[in-house]
Amino acid sequence: MNVLQKINYEPAKVKAGYTDRILNIDLDNIDINITKLPSDFKDKYIGGRGYAIKLIWDGTTADTRHDSPENILVMAGGPLGNEPGFPGTGEFIVGAISPLTDTFIDSNVGGHFAPLLKLAGFDALSVSGISRKDVVILVDGDAKTISIAEAPEYDKEIGEGSILFGAELLKDVCAGKYNDSYAAVTAGNGACNSRFGIVNSLYYDRRRNRIRSKQAGRGGTGTVMRQKGLRAVIAVSSLPKANGNNAVNPKEVRKAGSALRKVLRQCDPEQLHLAAWGTTVLSEYMDKFHIFPINNYQYGQSPESSKLFSEIFLDRYFSKKVPDGCYFGCNLACAKGAEDVILTRGPQAGQKVSVDGPEYETVGAVSCMGIFDPHYVMEYNWYCDEYGLDSISTGVTVSFFMECVQRGFLSKDDIGYNLEFGNIDTADRLIHEIAVGEGFGKIAGQGVARGKKWVAEKYLSKNNVPVKDVTVELNKFGMEAKGLEFSMYITKESLAQQGGYAFALKGPQHDEAWLIFIDQVHKELPTFALKANALKWFPLIRTWFNAAGLCKLPWIDVRHPDAAKTKNPAKNSPTLDYYVQYLNATVGSKKSLQDIIDDSERLYILQKLINLRQGKGTRSSDRIPLRAMGPVYFNEFQARAEYYQNWLNEQCEEKIPEDPKEQHKLLMEKRMQAFEHLCDAVYKEKGFSSQGIPMPETVERCGLMDDKARKLLDEFNMFDN
Ligand code: SF4
């Protein structure tokens, strides 16, 4: 590799979970420097998402866009990442100003990268500027060097991919023999041609003896990475991983870790079976409760759904005997994978490949296109990962255009072929076109929000109707909010999850508030007050997980046997006690769960301020499509008529009309009213104005009121209220 810049450095030792160092790479000037953080930085911003939010708040402006040189790509684990003695500690976040939302996005991902970066001496990597040539960064804690080099050129097949490129690069760097002292992040060529490119996190899995991948999928962080001319980052350290955080009290860390591991071991087989089946297990639950997205979220259940249930993937694809943790010490081990899958479609047809996944979200993306072919799920999974495309945004965008055809907003001539629900050939064709930026893929690669504008203009150029009418229709079923495509849960019957998506600061991604299971399956949020409380509390605790460097699944997906005895079982607080114990034993603090929530609120409010600055922070930005609130078209109402009629009978004091079309109209009116009431209640709970803007006292309480915050709030007349 042609090295463009190289420095020698002395890796900082990890102490109590932190190195207190950030590695800064400036790609405008091909420059490397290291920031030593002041001692109070970690107290205020924790790590992970908190560090990314702070760096982006300070380093970007209202004018910064995804492709601006000053946009910052941040990769950061947290103080609790990198501990094999506790489950789920390989997580990190990738954050930036998003190509889809034009505001802060972060996406969390597992693997070995963040733990190795920390052992190599860094709590976070921050990349700014744009390189004229494609480059790779090598952070080698063993050699004590950091280099920026021209990206190597491999043959076309390998060179354009994300995973094949990364695997080849890792092989080069570790002299042909993979080992778990090396990990990489990469982005593929599909990320260059779309707004929803992903970052793949690559790590060596000894049990499968191959490079595996996990994805930071949401919001186009891979697109930002490639726009910067950055193809890959490699982190290297052979320091021991056991007690890698140099915890203040290692004995307590072990105690907390073994208590959590025991709960996972005993309870997961009686609950979701994630260790055995991976997250594909959710398909069956979602279908049973009318939450599984079918034909662009029109329907939540189908007689064909069982073709995509977990036992199919277990029987045909998953290697049953291999426990699949994405980091050492995770006995929930949900990161399923398959070997020797033969591709039947696309440019690699005939190749035998290994697939990491599918996760539930990828299965839902395929059913969203009306496709119920498990082998196609495997192929779609592989191609999305290899191209570097978000399987969620890709599936939702393709589904949106399919529905535009169904409802007559687009014709075969507009697209060039017959894009319709259930047609694997044309769906598959479009996915490859998105990846290479050709044909209709150039339009679809822009995502749903921009797709709506394109469809409206196209339709109006041929039909004489008012612009508003077309836009109103497209907004009903274009499943995005703040510019981000919805993840794979139908919210028509769950007001709590409608809020979970609407108020999510990054856009409708469930990792900020996954309330659908609690609300619609367990029915644990029956009142408005409980929903509003949950919509404040869950995003805050989830923000903390993303700041601390932790996977949330061991907490939220396996319920502690003692949770049932608590006031609010959905919070699973007996398990959270282990996390509090783990935190205090690692960093030497004496925090309570409420202290953690308060710390998290500071990050949440700072992220909200970024949204406000970027034009995505008020009540109007929290709007969700009518389809997310209820059965927006009559066909959807008819498919669940009995349920909706019962709901009307329970909720309405007035007489219910006989005519089903009138019932449908009334139902949608009630759903819209309920959503507006929810906004009012949740804003109050969060300390926001009725327009969804943080009140000055909320910002003050979180210790964030400085000149910059004051000026911003002043622009929204928040001091006049
Ligand atoms: S629960 Fe799954 S995603 Fe989370 S750390 Fe374990 S293997 Fe990785």
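**View 1. A network of charged side chains.** Asp205, Arg208, Arg210, Arg212, Asp324, Glu339 and Asp356 are linked with one another in a network of salt bridges, a salt bridge being a side-chain nitrogen of Lys or Arg within 4 Å of a carboxyl oxygen of Asp or Glu. The model shown here and in the other views is predicted, and local features need pLDDT of at least 70, side-chain atom pairs count only at pLDDT 80 or more, and totals for chains, interfaces and linings use all residues. Residues are numbered from 1 along each chain as its sequence is written, and side-chain values use heavy atoms, with hydrogens and water left out. A search of the whole structure finds 46 salt bridges, and three further pairs are described in the next views.

**View 2. The salt bridge between Asp106 and Lys506.** Asp106 forms a salt bridge with Lys506, and the closest N and O atoms of the pair are 3.2 Å apart. The two residues link distant parts of the chain, since Asp106 belongs to strand E6 (residues 104-109) while Lys506 lies in the loop between helix H19 (495-502) and helix H20 (516-521), 400 residues apart. Helices (H or I, at least four residues) and strands (E, at least two) are DSSP runs, numbered from the N terminus. Both Asp106 and Lys506 are buried, where buried means under 20% relative accessible area, exposed means over 50%, and partly exposed lies in between (1.4 Å probe, protein chains only).

**View 3. The salt bridge between Asp180 and Arg206.** The side chains of Asp180 and Arg206 meet in a salt bridge, with 2.5 Å from N to O. This pair, too, links distant parts of the chain: Asp180 lies in the loop between helix H5 (163-173) and strand E10 (182-186), and Arg206 in the loop between strand E11 (199-205) and strand E12 (210-216), 26 residues apart. Is Asp180 buried or exposed? Asp180 has a relative accessible area of 11%, so this residue is buried, whereas Arg206 counts as exposed because its relative accessibility is 55%.

**View 4. The salt bridge between Lys536 and Glu601.** Lys536 and Glu601 meet through their side chains in a salt bridge of 3.7 Å, N to O. Lys536 is in helix H21 (residues 528-548) and Glu601 in helix H24 (residues 593-613), and the pair links distant parts of the chain, 65 residues apart. Glu601 counts as buried because its relative accessibility is 5%.

**View 5. Helix H11 and its surroundings.** Helix H11 (residues 360-368) is mostly covered, for nine of its nine residues are buried, among them Tyr360, Glu361 and Cys368. Which helices do the buried residues of H11 pack against? They pack against helix H9 (282-288), helix H10 (310-316), helix H12 (374-387) and helix H13 (391-406). The loop between strand E15 (352-356) and H11 holds Pro358, and the peptide bond from Gly357 to Pro358 is cis, with omega near 5 degrees. H11 is followed by Gly370, which has a positive phi near 75 degrees.

**View 6. Two asparagines with positive phi.** Asn209 has a positive phi, near 50 degrees, although this residue is other than glycine, and Asn209 lies in the loop between E11 and E12. With a relative accessibility of 55%, Asn209 counts as exposed. Asn246, which is not a glycine either, has a positive phi of about 50 degrees and is found in the loop between strand E13 (230-236) and H7. Asn246 counts as partly exposed because its relative accessibility is 41%.

**View 7. Arg265 in helix H7.** Arg265 is found in helix H7 (residues 250-267) and is exposed, with a relative accessible area of 53%. From C-alpha to C-alpha, Arg265 and Thr221 are 35 Å apart in space, and they are 44 residues apart in sequence.

**View 8. The setting of the close-ups in the whole chain.** The secondary structure of the protein chain comes to 30 helices and 17 strands. Its radius of gyration is 24 Å, close to the 27 Å that the globule rule gives for 721 residues, so the chain is as compact as a globular protein of that length; this radius is taken over C-alpha atoms, and the globule rule is 2.2 Å times the number of residues to the power 0.38. Buried residues make up 65% of the 721 residues in the protein chain.

Notes: Contact = heavy atoms within 4.5 Å.
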